[in-house]
Amino acid sequence: MVSAVFILHWPDLDIPYLRCELLLHRYYYNDFSDPHAVVHRFSRLYSKLQPLERTPFVFDSNITYIMFRGENDIYLMAAANANVNAMLIMTFLHQLHDILVRYFESPTKKQDLEGQNAQHVEGDPGLTREKIIDNHALVFELLDECMDFGIVQLTDYNILKEYIKTKRNTPTTSLHSDDSLVELDSDSESKPAKKKGSTKLDKKKKIANKKLKSTHNLANKTDILNETQEQFINSSLVRTQALAISWRPKGIFYAKNEIYIDIVEKCHFLYDLESNTVKGNDISGVCEVRSYLSGMPVCKLGLNEKYISQVEYDGELESTSSDEDEDASPTPSEVKNNLIKSSDSLDNDAATQTPDNNHKKEKRLKVPITNVSFHQCIELSSVYKKNLIHFTPPDDRFTLFSYNAAQQRRKEKKPLIMVEPLFKIIKAEGKLQVLCSLTTSFKKRLHCKPLVVRIPISPNLFHLDGKQHGSLRYKAELGDALFEVDSSTLTWTIPDLPGLKMIVRFMAELTIENADQIDEASINASFYQALKTSNDQDEESASEQLSKYYGVDGKSSTVFDELQRHAMASQNREIHVEFSIPLLTYSGLRITYLSVEEIQLKYSCFPWVRYLTEVRNRALSQTRSGRTSEYRFRLAPRCFQIL
């Protein structure tokens, strides 16, 4: 049992003067006297550990500390005196962080007025220190509902949003200032005369400003509740926790029944340019579902994966002639009430389909997915026996299942994007030419947008001319380029790149000061010898820093030189690629069958299925799951040429 839960803000672990700040805490047992003393002891123990030793679990003086790191330097920590289930508490902290993120999401103007479920806005910073402090009452209510006496109770956001009606405290902006403007106009003494034609517009605005039912469906505009009735709690929620289906309350109604299914895959790719081999090629995917269905529906979902459970057939990669006998049971496409049309379920691979074999039974592919994690709403017996996913979906958004795929085991799978760099050092002119060519292997009808290629320019090897800021000159067939001084990276950005592009070239030229000193030995030493870190480098004395600042004794220092000096400690020798390809799953996984049945209402459903493959290793698109991905090409001495 957990004794206390703490919400912390810790900007940087390695900087001593930035202390670990306690934002909120909740005691479930009086085992600890002072919460600040507990946090101070934990921060001191954790900061003394080496970076490789900093695990989420710390044990000291019969106290177990379990920590989960969230976004924007927010930490969730649980402390206990007893022997607790560590993985259970870690899962609880992860779900608590997910609940806080979804409660503090910034809705757009349309979503806020019409009651639609809020999504991430581009400028939304996410869960921050200020949001937690300003909404401490809401956070305390969530902590009381999620855990009681140190035991986990309820962590379902869709149920909690019906329990807790506390409004979050947000700063007044132009998006939410309609009501305040009306109050100011009503208090003024002189009111302007209203036009006759403006009555209809005023009625439309009043209807649009009315809040809808908690089901958040835009089509359900006839069922409108006033502000007092909206604060009432549905009585069926009390019985929901005691039922077999505890994740979905009864009494949900939508005028238009829809279900949105998104399969999002993130690539973890590493290619060695020295040996021209793929060192790692893995995929982590999730199936995100947004359900707006009435009643208690039963959904059935089928994939082109031959064995979804992956219990007995994990080592089998290719189908043989004996597999045709076990496909005697009807495939998902042959089942009635399939909402996925055959024209919609296109294969992502380059396999051809013969029109003469349409009458034959559809043959499911073998996608080597592993580590499949299902939502609690899925009936596991149907997955093992029928190879179909049967589930009663929770209301609104949730993750149906997550999986991993080892693409390295499938030799026929080519990398989506290949990058071939070449660095030319011209000693006579003191120039560094960077040549880069990339090719794509996905279909022509697909588009990669945007594509970002980050090429490192090692400041330990090349000393750029700081007077002209490197004097970058470039020429690209597609896109633009820029040089990031703080990270010493050459960034090539292509807004839209179609598939099956044979080759796209890019050339950049930089001015370097040590062109005469570069040879093959220095290039090999920069790759195979350990470089000095920032702690090992000799620190400048105060007199030398003042001499550089005032330009005494011929010494000078610029911002460019300081940024290049700090970038020497990065030791970045890999090219990073970031991209996003809609309508594609790299693993080849796709949905071939989907049906929705509701026994009492018997309505028709409108399904929406989307696919996406992306790589965002710098958190450009922050997701709720917090998953990151990397698409890398490791540089080698053979990529450098001296002229």
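Author: Buried means under 20% relative accessible area, exposed over 50%, and partly exposed in between, with a 1.4 Å probe and protein chains only. This is a predicted model: local features need pLDDT of at least 70, side-chain atom pairs count only at pLDDT 80 or more, and totals for chains, interfaces and linings use all residues. Residues are numbered from 1 along each chain as its sequence is written, and side-chain values use heavy atoms, with hydrogens and water left out.

Reader: How much of the protein chain is buried?

Author: Buried residues are 44% of the 643.

Reader: How many helices and strands?

Author: The protein chain has 15 helices and 28 strands. Both are DSSP runs numbered from the N terminus: helices are H or I with at least four residues, strands E with at least two.

Reader: Take strand S3. Which side chains are buried?

Author: Val58 and Asp60. They point to one face of S3 (residues 57–60).

Reader: What does S3 pair with?

Author: Strand S4 (residues 63–69), antiparallel, over four bridges. To count as paired, two strands need at least two bridges found by DSSP. Asp60 has Ile63 in S4 as its bridge partner.

Reader: And what about the turn?

Author: S3 and S4 make a hairpin with two residues between them. Ser61 in that turn has a positive phi of about 55°.

Reader: Switch to helix H5. Which residues are buried there?

Author: Leu138, Val139, Leu142, Leu143 and Cys146, within residues 136–146. They sit on the same side of H5, because they cover an arc of only 140° around the axis. The arc is taken from the directions from the helix axis to the C-beta atoms.

Reader: Now the largest nonpolar core. How many residues?

Author: It has 83 residues. Such a core is a set of buried Ala, Val, Leu, Ile, Met, Phe, Trp, Tyr and Cys residues joined through side-chain atoms within 4.5 Å. Those with the most contacts inside it include Leu400, Phe579 and Phe633.

Reader: Which strand gives the most to this core?

Author: Strand S8 (residues 258–272), with six residues.

Reader: What does Phe633 contact?

Author: Leaving aside neighbours within four places in sequence, its contacts (heavy atoms within 4.5 Å) include Phe269, Tyr271, Ile417 and Arg573.

Reader: Last one: in what order do the strands of the four-strand open sheet run?

Author: S12-S13-S10-S25, with antiparallel pairing. The edge strands are S12 (378–379) and S25 (591–597), each pairing on one side only. Six bridges join S10 (residues 298–303) to S25, and Gly302 has Tyr593 in S25 as its bridge partner.
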